[in-house]
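Hi,

Here is the structure I promised to pass on.

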Amino acid sequence: MTIQPRKVPIGLDGVPAAETVLSNVDGENGELIIAGELVGPLASSTSFEGVIARLWTLGTGVVTTEAQTRRALGAGRQIAFARLPHWLNSADGLSVVDAFRVGVAGLRGEEGLSADTVIVGALPVMAAALIRRRMGEAPVSPDPDAGHAADLLRMLRGTAPSRAEAAALDAYLVTVCDHGMNASTFAARVVASTAADLFCAVTAGYCALTGPLHGGAPEPVLEMLDAIGSRERIAPWIDGALDRGERLMGFGHRIYRVRDPRADVLKAVVGTLGSNLRDLGFAAEVEAYARNALRTRKPDRPLDTNVEFFTAILLDALGIPRQAFTPVFAVGRAAGWTAHAREQQRTGRLLRPGSLYSGERPEN
Ligand code: ACO
């Protein structure tokens, strides 16, 4: 028996899995289009609710406005708050990421609200309540009239954020809301294609997001910055990690062959926050040394800064504990998961790829 040589790209690199009007990643040119617009201008001109409205309109084919989305999400946050106690009690003893998974999996429909609204409305309420619970604090009820990003920070802290902080988190949520056929979106689309409901699709998306090769990277980015600690230790620490064959968190990407455009968007957002920043100069030196070391060691494979490096610095500056970075990422990415799930369902076609069998065959 001969084992056939592998003919399937092992990571499905470059294999289109769906046709979408929601977003496009151009890895050669470092360009990300979301709902027809480049991510940079989009993040500086449109609120998270505005982008959600555009994604949901594209995904469902039914026009939704920013004002309708804002009202609906306010109602979604209130419903989620009323349902908090049961889940919060059951989440004790779990890590923040795992407790959030339990919460996402436990979401269910509400009369008068779409599943999309229940889901996207619930995530910031759950993230904020979970973080407060870890600090021994009671949850803070949502303000249905506030923006989604501002309300997340308010529910987390118990006081309203500054305008700059709310705008920074809003820009972050827009920047990460969708990104082509990334692993979590693919997972959500596969589940949606089976005609399972949106709650199942989003639970699958969140589970895929938690891995450190995808949305679980920003916490390790901060751990890396902490472990390096001082300017003199940058070179030996990074060289040592690469000598041991470790991956530097916040660098590299499956698709981008140049810099991840989201890194620059978030770097600019970080710059608007001024006072509550960790040492940005130090982070910039770590980034520069890492990029150079990766270029020297992998001359044939451009590896540059990805979105997670500045996500870590931004969320840290906003006072979000690092254990909650992945749930906060999910608050943004849920916009894309729900839109993709709707778009997939409209095709009416089960996703069921083939495989190449390279195992043994029975003797005749
Ligand atoms: N540090 C060091 N080496 C790296 C890194 C890195 N961050 N990324 C890739 N490489 C190396 C690989 O080990 C591989 O080396 P080899 O050829 O000697 O085996 C080579 O570069 C090529 O790797 P790719 O095939 O381009 O990497 P892949 O597409 O499998 O991985 C990934 C992409 C998972 C993002 C990877 O770059 C990585 O692990 N980065 C660190 C984790 C991270 O930042 N994740 C967040 C990604 S952004 C997001 O999902 C939201």
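Let me start with the link between the two domains: between domain 1 and domain 2 the count is 1 salt bridge, meaning a side-chain nitrogen of Lys or Arg within 4 Å of a carboxyl oxygen of Asp or Glu. The partners are R322 and D226, with their closest N and O atoms 2.8 Å apart. Over the whole structure, a search finds 22 salt bridges.

Before you go further, please note that this is a predicted model, in which local features need pLDDT of at least 70 and side-chain atom pairs count only at pLDDT 80 or more, while totals for chains, interfaces and linings use all residues. Residues are numbered from 1 along each chain as its sequence is written, and side-chain values use heavy atoms, with hydrogens and water left out.

As for the domains themselves, the assignment (automatic or from a database) gives domain 1 as 23–212 + 322–347 and domain 2 as 218–317. Their C-alpha centres lie 25 Å apart. At the interface, 27 residues of domain 1 are in contact with 28 residues of domain 2, where contact is heavy atoms within 4.5 Å. Together the two domains bury about 2,100 Å², with 71% of that on carbon and sulfur atoms; buried area is the accessible area (1.4 Å probe) that two parts lose on being put together, summed over both. Y172, R322 and F325 supply 32% of the area that domain 1 buries against domain 2, more than any other three residues.

Of the 22 residues around the ligand, L248, F251, R254, K298 and R301 come nearest, a residue counting as near if one of its heavy atoms lies within 4 Å. R254 has a polar side-chain atom 2.6 Å from an oxygen atom of the ligand. For H214, an N or O atom in the side chain is 3.0 Å from a ligand oxygen atom.

Cheers

Note on methods
A polar contact is a pair of N or O atoms within 3.5 Å; within protein, one must be able to donate a hydrogen and the other to accept it, and residues adjacent in sequence count only if both atoms are side-chain atoms.
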